[in-house]
Amino acid sequence: MRKVFEILIAFGILLVMTSALFAEEMRLNVVDHDLRNGMKILILERHTSPVVSFYLRFKVGSVDEHPGITGIAHLCEHMMFKGTKNVGTWDYGAEAPLLDTIDSLAHQWRREMECTKHPLYRGDTPRLEELRQEIAEVQQEEKDYVIKDELWETYMKNGGVQLNASTGNDGTQYYVSLPANTIELWAYLESDRIANPIFREFYSERDVVNEERRLRTDDQPWGKLWEEFYAAAFTAHPYSWPVIGWAADIQMILREDVERFFRTYYAPNNTIAVIVGDVNPERVIDLCERYFGPIPAQEPPPPVITEEPPQTGERRVTVQFDAEPIVAIGYHVPGGGDPDQPVLEVIASLLSRAKTSRFYKNIVEKKLATSVNAYAPFSRYPELFTVTATPLKPHSTQEVEEAIYVELEKLKTEPVSEWELEKFANQLEADFIRGMKSNMGMAWRLGNYQALVGDWRHLLVHKRELGAVTPQDILRVAKRYLNDDNRTVATLVKKESKKNTTRVKPESSRPYY
Amino acid sequence: MHKRSSLTKALTIFVVSAFLLSALTSRALAQERPGLSPAAKKIATFEYEELKWKVPEVGEEVKRKVLRNGMILYLMESHELPTFEMRAIVRTGSIYEPVEQTGLASLTGTVMRTGGTRSMTPDELNRRLEYVGARLSSWVGSESGGASLSCLSKDTDEALQIFADVLMHPGFNEEQLELEKEKRKEAIRRRNDRPGSILNREFNHLLYADHPYGRIQEWEQIKDLTPEDLKRFHQRYFKPNNIILGVAGDFRTKQIIKKIEKAFLPDKIWQAGKGWKQAKVTFPSSPEVTKGYRPGVYLIEKEITQSNVRMGHLGVKLGNPDEYAIRVMNFILGGGSFTSRMTSKVRSDEGLAYSVRSSFDTESKDYGMFSASCQTKGGSTHRAIELMLQEIKRIREGLVAEEELQTAREAYINKYVFNFTDPISVLTQLMYIEYNDRPKDYLQTYLDNVRKVTREEVLRVARKYLEPGGLTLLVVGDLPKFDKPLDDFGGITVIPLEEPRID
């Protein structure tokens with residue numbers, strides 16, 4: 001009787017497990033379709049509200065750049081909003097020769113600029129200012145033909161929300177959510193800007209990018225630190241430079257450079273479109289075939305050649321800045337798809353997620369730091385496992401570093417508890433289900449896996465891998481990567497600002513009105 | 001509900017004929033377009049199926065019930081996913097704290113969550129929640145407070161019990177209070193590290209001074225606060241009859257009501273004024289915002305590459321009937337991203353800023369603010385300010401273009417559906433409508449009110465509520481870098497950036 005009972009239990013467990021797995025596969029009923037030109041279309045239905053989210057991903061990022069043109073992928077993303085032959089102008093025929101004139105003047109301007117880069121440069125180039133003026137004049141003429149920001153306006157008028165784009169190391173994405181009856185509008189606008197983009201108003205947009213650099217990096221403690229941190233951790237690989245680009249490089253990029261970059265990388269065979277929401281997949285495929293289908297495929301873009309050589313000793317960087325101390329620590333680790341990556345994600349979670357995490361209990365609650373965060377990336381190439389911390393005075397960044405290393409060393413010698421792993425598994429499940437509430441979130445997730453690993457199904461594979469991590473895996477992976485010869489540390493130290501020499505006589509001090 | 005196709009057709013015909021008309025007459029205004037782009041012509045031929053949806057209503061998709069303990073409960077079932085979400089809104093706020101105790105309300109809100117409860121240590125509370133992947137947070141803001149919960153529906157009973165315990169009997173554990181104070185002390189120490197933080201803090205203070213909307217947190221105000229202080233604050237306001245509760249997710253209405261009533265049972269033993277039980281809540285008188293403009297040019301010097309600029313003045317109170325026209329006006333001025341005048345000029349045209357925008361708050365109980373801001377390199381500070389001021393003046397000088405109004409109107413109408421895609425968000429909107437005593441059909445009439453806004457209305461509210469001469473202008477930046485003298489805009493008052501008084 002007991003044997004029968006046991007068999008029944010085993011069968012029951014098997015049934016539950018299988019149906020759970022089956023249920024997962026069922027829930028992600030993604031329709032997967034390739035256009036003849038190589039463009040990938042992924043569609044996920046969700047009919048709870050009459051809305052759709054669109055995520056268009058190009059497999060190009062700052063990792064595809066080289067010194068001299070860093071920042072070009074991001075600048076290209078900005079330019080993609082400036083219109084096409086059909087969008088943003090009421091007479092492209094009249095506009096085109098003006099754009100050509102601006103280009104040739106800009107070319108001359110750059111040649112002059114290049115002279116100033118020569119180490120033995122002595123001279124004076126009044127020609128630079130003249131050229132700037134000439135360009136400004138032609139730009140003024142061009143304005144007569146421009147319908148400003150028509151793409152943005154068209155999307156907004158049609159109820160577009162979450163409208164934006166972003167460039168990362170590994171990819172560039174364009175996204176928008178729209179009411180469900182505007183799919184054709186999206187297909188038309190997006191296919192048009194892949195087929196016929198015109199990078200008008202280039203020079204003002206380059207200035208905008210300069211301002212963005214100042215805003216996010218130059219004037220921000222974390223921005224500045226992060227840039228120098230990565231530049232030190234990566235000596236050869238493109239992850240070394242920031243996505244926004246070095247200021248000197250941005251300055252020298254011309255419209256024709258961005259066009260060339262665009263033609264190389266924005267091929268339909270290098271593109272993924274993800275559509276999630278209240279849609280009929282057949283209709284979506286039909287529209288995609290009609291609008292994106294005619295765009296010709298291209299030669300696959302060149303791969304990234306340079307690999308980061310193994311790090312053989314700790315690197316330390318100090319950044320002086322007018323702000324309180326902060327610290328960033330990084331270890332070289334494999335990219336997404338590697339079997340060790342999920343283990344690193346579990347490690348990061350146990351270390352710093354919420355208030356039962358190790359960093360929180362042993363460092364924050366001990367008042368050494370106000371926050372300590374660990375992060376494990378899922379990237380195209382080997383990247384960094386990072387820990388960032390904000391010390392709590394009077395504790396120094398060194399003390400906080402030591403406390404962090406104590407926790408990391410523990411991971412190499414003491415297996416983590418069952419409770420922690422069960423917590424992780426439960427959080428994984430809850431996050432996954434919560435994530436399904438967001439069309440844009442799902443589109444992003446599917447698009448990202450498709451782009452980085454070549455298969456959207458990796459979303460589920462990855463989830464299984466994360467849930468299957470054991471204490472032994474963690475011991476092994478911690479020992480393998482979290483070592484000081486693999487480590488880069490960047491510390492921000494407070495630069496005392498020059499004594500306040502006010503040029504304007506202060507009328508009062510607080511209260512000041 | 002929305003006959004989008006015929007509306008769009010009508011509007012398109014109107015817009016196209018308006019274009020043709022202006023092309024035939026004169027090309028005086030830069031706004032007018034001599035023609036349509038090929039894309040606009042093509043898009044005008046698109047057909048749109050009618051979008052079928054309606055604004056959820058109390059009594060239909062949403063249920064409302066007053067519980068025996070006085071709590072008001074909103075419910076919306078949603079069985080798409082096995083999740084459970086809860087949100088409580090409490091009538092309280094930092095408007096009720098004395099200025100010497102600035103931060104008391106906010107601390108109470110935070111430590112409610114971190115300080116454990118009468119029956120659970122902080123650690124136990126964290127462990128129970130995090131083990132099941134549930135999230136619970138609590139807060140007290142300037143005009144309301146509350147808590148929110150998210151978990152899988154299988155953990156509803158456990159999470160509900162914890163949520164109720166936190167609301168009713170928070171422990172305010174002393175160690176956790178000290179930890180939170182230390183975190184805030186460090187935040188005060190770091191408050192001048194980022195230009196944006198300096199700008200927003202000091203700008204609010206310039207407009208509101210020591211009114212709760214503009215108070216600056218200092219260490220001496222919170223350093224001596226005790227668990228008793230927080231308990232007293234909590235007990236004064238966290239009474240069942242002072243709370244509106246919303247639940248959305250995978251449950252059966254009848255069942256969940258029973259569970260909630262049981263979880264929030266009144267205390268059997270309690271002393272007058274203390275404990276969880278229906279009781280009168282007294283609210284101290286809160287200060288009023290001193291009406292009026294405070295024009296002036298203020299400078300905070302910092303060696304940064306960009307100037308951080310903000311200009312503005314007091315605006316309107318919650319419930320002002322001009323709110324729809326104001327929203328549309330602000331959308332056109334600087335709130336509608338690239339479609340708006342400020343963004344179009346300062347960023348898109350001249351490349352002076354990455355982020356430039358205006359906002360006009362219509363949701364604060366006392367006077368909210370109008371403000372416009374940007375960040376631009378030191379060497380274009382004067383130019384950027386000049387352009388922004390020009391736009392504030394221009395929108396008061398003449399009617400906005402027809403297509404500008406259409407863009408704003410259509411944007412509001414067509415994106416409205418997005419307000420209702422998430423049940424807990426639907427409930428939160430309805431709960432705040434009740435909390436703020438707004439008309440019960442506010443959500444149903446919203447779009448009709450937007451449609452009523454005409455170009456004349458936009459001009460009227462621009463003239464009534466924007467006052468270029470009354471602007472407070474604050475710049476955080478490096479004076480020697482500026483392209484032209486800042487005092488072109490008025491006599492400068494320098495605000496010294498002092499080291500926070502901490503140790």
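A:Asp149 is found in the loop between α4 (126-142) and α5 (150-157) of chain A, where helices (H or I, at least four residues) and strands (E, at least two) are DSSP runs numbered from the N terminus. The model is predicted, with local features needing pLDDT of at least 70 and side-chain atom pairs counting only at pLDDT 80 or more, while totals for chains, interfaces and linings use all residues. Residues are numbered from 1 along each chain as its sequence is written, chains are lettered from A and ligands numbered from 1 in the order in which they are written, and side-chain values use heavy atoms, with hydrogens and water left out.

Phi of A:Asp149 is near 50°, a positive value in a residue other than glycine. A:Asp149 is buried, with a relative accessible area of 9% (buried is under 20%, exposed over 50% and partly exposed in between, for a 1.4 Å probe and protein chains only). A positive phi, of about 60°, is also found at A:Ala354, which is not a glycine. A:Ala354 lies in the loop between α12 and α13 (358-364) of chain A and is partly exposed, at 37% relative accessible area. The peptide bond from A:Lys393 to A:Pro394 is cis, with omega near 15°; A:Pro394 belongs to the loop between β10 (383-391) and α14 of chain A. Most residues other than glycine have a negative phi, and most peptide bonds are trans.

Helix α12 of chain A (residues 341-352) holds A:Ser349, a buried residue with a relative accessible area of 13%. Beyond its neighbours within four places in sequence, A:Ser349 is in contact with A:Ser357, A:Phe424 and A:Gln427 (contact means heavy atoms within 4.5 Å). In helix α18 of chain A (residues 471-481), the buried residues include A:Pro471, A:Ile474, A:Leu475 and A:Tyr481. Their cover includes β8 (326-333), α12, α14 (397-413) and α15 (418-435) of chain A.

The largest nonpolar core has 151 residues, of which A:Trp186, A:Val258, A:Tyr266, A:Ile275, A:Phe292, B:Met311 and B:Leu466 touch the most other members. Such a core is a set of buried Ala, Val, Leu, Ile, Met, Phe, Trp, Tyr and Cys residues joined through side-chain atoms within 4.5 Å. Helix α11 of chain B (residues 323-335) supplies the largest share of this core, 8 residues. Not counting residues up to four places away in sequence, A:Ile275 touches several residues, among them A:Ile41, A:Val52, A:Phe54, A:Trp186 and A:Val284. A second, separate core of 71 residues includes B:Val140, B:Leu149, B:Tyr208 and B:Ile243.
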